[in-house]
Amino acid sequence: MYAIVEIGGKQYKVEKDMMLNVDRMRKEKGESITIDKVLMFVDEDNISIGQPYLENVKITAEVFGDVKGQKVRGIKFKKRKNYTRTLGHHQQYSKLKINEMSIGT
């Protein structure tokens, strides 16, 4: 059983008990959230596709706090000007654990 959901404008494939890094959300650690933008839900042989979202699917997740992603390095360089600058950035993510996936009628 899995689902395709939209969180923060991006699409993710989620399964039960899965840990997931999404763009940082302003939620506290241990807080429970409900994901209502479900695009597709697959339960064994039953496939439900939303237009654009499914109304009868409920997915709950728990926030495990904020984490940093890998460092992304960038460089600025101007030829013949003796100018080089190295930049670095860590993307902020929220770690989620998918607790429950259910479909109603």
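User: What share of the 105 residues in the protein is buried?

Analyst: This is a predicted model. Buried residues make up 26% of the 105 residues. For surface, think in area. The protein exposes about 7,700 Å². Carbon and sulfur atoms supply 46% of that area.

User: How many helices and strands does the secondary structure come to?

Analyst: Zero helices and eight strands. Read along the sequence, the pattern is β-β-β-β-β-β-β-β. Now look at the overall spread. The radius of gyration is 19 Å, well over the 13 Å that the globule rule gives for 105 residues, so the protein is more spread out than a compact globule. The C-alpha trace spans about 70 × 30 × 20 Å along its principal axes.

User: Which share of the contacts with a separation of 6 or more comes from residues 24 or more positions apart?

Analyst: The share is 64%. Let us take one residue as a case.

User: Is S94 buried or exposed?

Analyst: Compare its relative accessibility with the cut-off. Buried means under 20%. S94 has 1%, so S94 counts as buried. S94 lies in strand β8, residues 83-103.

User: What does the side chain of S94 reach?

Analyst: It reaches the backbone nitrogen of M25, at 2.9 Å. Leave aside the neighbours of S94 within four places in sequence, and its contacts include L20, V22, M25 and G65.

User: How far apart are V63 and S94 in sequence and in space?

Analyst: They are 31 residues apart in sequence. In space, C-alpha to C-alpha, they are 7.1 Å apart. V63 is found in strand β7, residues 57-78. V63 counts as buried, at 2% relative accessibility. Beyond its neighbours within four places in sequence, V63 is in contact with residues including K27, I33, K95 and L96.

User: And I47: how far is it from A61 in sequence and in space?

Analyst: I47 and A61 are 14 residues apart in sequence. Their C-alpha atoms are 22 Å apart. I47 is found in strand β6, residues 46-49. The cut-off for exposed is over 50%. I47 has a relative accessible area of 56%, so I47 is exposed. Leaving aside neighbours within four places in sequence, I47 is in contact with M40, F41 and V42.

User: Which residues other than glycine have a positive phi, D17 being one of them?

Analyst: For D17, phi is near 65°. D17 lies in the loop between β2 (10-15) and β3 (19-23). D17 counts as partly exposed, at 48% relative accessibility. N82 is not a glycine either, and its phi is about 55°. The place of N82 is in the loop between β7 and β8. N82 counts as exposed, at 80% relative accessibility.

User: Is the peptide bond from Q51 to P52 cis or trans?

Analyst: Read omega. For this bond omega is near 0°, and the bond is cis. P52 is found in the loop between β6 and β7.

User: Where does K13 lie relative to Y2?

Analyst: Look for a charge above a ring. K13 lies over the face of Y2, at 4.4 Å from the ring centre. Then turn to K78. Its charged end sits over the ring of Y83, 5.4 Å from the centre.

User: How many aromatic pairs are there?

Analyst: To count as a pair, ring centres must lie within 6.5 Å. By this rule the count is zero.

Note on methods. Residues are numbered from 1 along each chain as its sequence is written. Side-chain values use heavy atoms; hydrogens and water are left out. Rings of Phe, Tyr and Trp (its six-membered ring) pair if their centres lie within 6.5 Å; planes under 30 degrees apart count as stacked, over 60 as edge-to-face and the rest as tilted. A charge sits over a ring if NZ of Lys or CZ of Arg is within 6 Å of the ring centre and within 35 degrees of the ring normal. Helices (H or I, at least four residues) and strands (E, at least two) are DSSP runs, numbered from the N terminus. The radius of gyration is taken over C-alpha atoms; the globule rule is 2.2 Å times the number of residues to the power 0.38. Buried means under 20% relative accessible area, exposed over 50%, partly exposed in between (1.4 Å probe, protein chains only). Contact means heavy atoms within 4.5 Å. Accessible areas come from the Shrake-Rupley method with a 1.4 Å probe; for residues, only the protein chains shown count as cover. A polar contact is a pair of N or O atoms within 3.5 Å; within protein, one must be able to donate a hydrogen and the other to accept it, and residues adjacent in sequence count only if both atoms are side-chain atoms.
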